[in-house]
Every structure is written in C-alpha cells, then in structure tokens.
Amino acid sequence: MKSIIKFGGYEPHEITEYSVEVSDVDAAGSGRSESGVMNRDRVRGGDDPVYKVSVGCTNLTDKDMTDFLNAIKPESVEVVFFFGEYFTKEMYAGNKKAEIKIVDGNETRWNVSVSLTGY
C-alpha cells in the first residue's frame, strides 16, 4: 500500500493524526456590505483550491523525530498526499509541535505534528 503522505522525500511512521482542509481564497475587497450583501471575488478555489494537510505521528524515535523535522525545514517542500486520490503540491510547514515522553524508564519517544499549507 502506498503511503498516505510523503513530504520532502520523508515518509512519516506511526501516523495517528491526518486531516485535509480545502480552502478558497478571496480578494481583499471581498466581504459583506453594510446592507449585509456578500460581495465575493474568489481568486482561487474550485478546481485549484488551497490544501492544508495536518499530520501527526506518535512514538517516534529520536532519529525519526529529527528526520521528520528536517524534512520540513526548507522554506517549501514537495508534498504527496492522499485526498480520495493522490496530489502533489508545493507546500510550507506551519508551526511544528514535538512532545517528548519517556518509556521503559529511560527510553525517549516523540509525538510530532505539523500543518503543511499549499502555495
């Protein structure tokens, strides 16, 4: 089976969190008038929306945690992700979260999560 997501050449392990958000982008002048009528100038959406993929992994080793974070370190990365079919998009990483936990007395494991947003 093909991986559900791959970014910067890295395939994450132990995926426990995965979601895809699909957004339109409106021009700055869009919004409601004083009379409550919506004036919308959609500049992106439909067949070319902005995707935001959130992924989280648990129980990563120190090396896997480092590999995960290094894969999203560049300003942008190529992301291949599943959303009914596979898409390949250039994306950037938002805030990254890494939580450490100790297992078996002294062994470290990491829970890591990030949101990747399309350009």
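These legends describe close-up views of a predicted model. Local features need pLDDT of at least 70, side-chain atom pairs count only at pLDDT 80 or more, and totals for chains, interfaces and linings use all residues. Residues are numbered from 1 along each chain as its sequence is written, and side-chain values use heavy atoms, leaving out hydrogens and water.

**View 1. The open sheet has six strands in the order 1-8-9-10-7-2.** Pairing is antiparallel; two strands pair if DSSP finds at least two bridges between them. Strands (E, at least two residues) and helices (H or I, at least four) are DSSP runs, numbered from the N terminus. Strand 1 and strand 2 (15-23) are the edges, each pairing on one side only.

**View 2. Strand 1 meets strand 8 through three bridges.** The two strands run antiparallel. Lysine 6 has valine 80 of strand 8 as its bridge partner.

**View 3. Helix 1 (residues 62-71) buries Asp64, Met65, Phe68 and Ala71.** Buried means under 20% relative accessible area, exposed over 50%, partly exposed in between (1.4 Å probe, protein chains only). The buried residues fall within an arc of 135 degrees seen down the helix axis, so they line one face of helix 1. The arc is that of the directions from the helix axis to the C-beta atoms. Their cover includes strand 1 (5-7), strand 7 (50-60), strand 8 (77-82) and strand 10 (107-118).

**View 4. Valine 79 has contacts that include Ile5, Phe7 and Leu116.** Contact means heavy atoms within 4.5 Å; neighbours within four places in sequence are left aside. Also in contact with valine 79 are Lys6, Phe87, Thr88, Lys89 and Met91.
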